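Dear colleague,

Please find below the structure that I am handing over to you. My notes on what was found in it follow directly after.

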Amino acid sequence: MSQDPWLQNYDATCRLAQEIAENIHERNRQQRTDGNPAKINMTLRASLQRLKQQITQLRESLLRATSTRHIMQSEADRRQNLVDDLLTREKQLQATFKNDGTEPEFSRSSLMTGGGGQRGSSNPWLMDEPEETRGLGFTEIKQQQQRIIEAQDAGLDALASVLSRQKQMGQEIGNELDEHNEIIDDLAHLVDKTDNRIRNETRRVKLVEKKSASCGMLVVIVLLLIAIVVVAVWPTS
């Protein structure tokens with residue numbers, strides 16, 4: 001199983017810081033013995049610049065991993081503490097380098113142990129490390145991180161399954177709504193058609209009523225005329 005790239009870079013940065021501390025001690029020793037530390041000073045300046053760049057890369061990589069949720073928040077906090085400690089170590093190394101040998105001899109041990117005098121620590125740069133990872137090697141931390149990532153993946157898979165079911169339910173509800181809308185449209189069309197038919201029949205009834213009234217008047221007139229004629233021709237006694 002390959003090691004986490006961030007932890008690999010962190011480990012390399014720790015080794016670089018330790019190397020710088022050793023070189024500063026050697027530079028100070030040469031100055032005390034009237035040596036010429038010009039070459040080692042050039043190496044130290046380049047190494048300090050590289051250390052600063054590597055710490056910046058660690059911080060930016062951690063920000064990306066945190067924003068994309070590639071690691072859990074507890075692990076992100078732990079790594080942020082490690083980066084903060086490296087920044088403190090880098091400032092101490094810069095200050096010691098600029099002292100040009102005036103730093104007391106014990107400054108080397110304080111740099112190598114993080115300023116806390118923790119001699120004999122397996123990794124003196126791991127300051128304020130959480131209990132769950134304290135005493136673990138990088139391989140064990142990687143395995144722990146892998147288990148955390150697998151748990152996150154399982155949670156994401158479950159969430160994706162739930163979202164997929166919800167999407168399917170949404171599509172089915174949408175299809176039902178489309179069918180109901182079609183039924184409502186058909187009913188509205190049928191109502192409009194029936195209303196038109198009722199209006200047409202109403203107009204026909206009114207027309208028939210008018211015609212019936214006209215015919216009734218005509219019959220009355222005819223009967224009156226017949227009565228007049230009968231009276232006119234009927235002999236008087």
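Accessible areas come from the Shrake-Rupley method with a 1.4 Å probe, and for residues only the protein chains shown count as cover. Leucine 223 counts as exposed because its relative accessibility is 52%, where exposed means over 50% relative accessible area, buried under 20%, and partly exposed in between (1.4 Å probe, protein chains only).

**How the model was read**

Residues are numbered from 1 along each chain as its sequence is written, and side-chain values use heavy atoms, with hydrogens and water left out. As the model is predicted, local features need pLDDT of at least 70 and side-chain atom pairs count only at pLDDT 80 or more, whereas totals for chains, interfaces and linings use all residues.

**The chain as a whole**

The protein chain has five helices and zero strands, and its elements run α-α-α-α-α from the N terminus on. Helices (H or I, at least four residues) and strands (E, at least two) are DSSP runs, numbered from the N terminus. Of the 237 residues, 27% count as buried. The chain exposes about 16600 Å², of which carbon and sulfur atoms supply 56%. Among contacts (heavy atoms within 4.5 Å) between residues at least 6 apart in sequence, 72% join residues at least 24 apart.

Helix 2 (residues 38-67) has 30 residues and reaches 44 Å from its first C-alpha to its last, close to the 44 Å expected at 1.5 Å a residue. The expected span is 1.5 Å times one less than the number of residues. Its buried residues include Ile40, Asn41, Leu44, Leu51 and Gln54, and what covers the buried residues of helix 2 includes helix 1 and helix 3 (73-98). Serine 47, also in helix 2, is buried, with a relative accessible area of 4%. Not counting residues up to four places away in sequence, serine 47 touches Leu16 and Ile20.

Arginine 69 is in the loop between helix 2 and helix 3. Although arginine 69 is not a glycine, its phi is positive, at about 60°. Arginine 69 counts as exposed because its relative accessibility is 70%.

**A buried arginine and an aromatic pair**

Arginine 79 is found in helix 3 and counts as buried because its relative accessibility is 2%. Leaving aside its neighbours within four places in sequence, arginine 79 is in contact with Asp4, Trp6, Leu7, Leu62, Ile71 and Gln145.

How many aromatic pairs does a search of the whole structure find? The search finds one. Tryptophan 6 and tyrosine 10 form this pair, which is stacked, at 5.8 Å centre to centre and 5° between the planes. Rings of Phe, Tyr and Trp (its six-membered ring) pair if their centres lie within 6.5 Å; planes under 30 degrees apart count as stacked, over 60 as edge-to-face and the rest as tilted. Both residues lie in helix 1 (residues 5-32), four residues apart, about one turn of the helix. Tryptophan 6 and tyrosine 10 are both buried.

Yours sincerely
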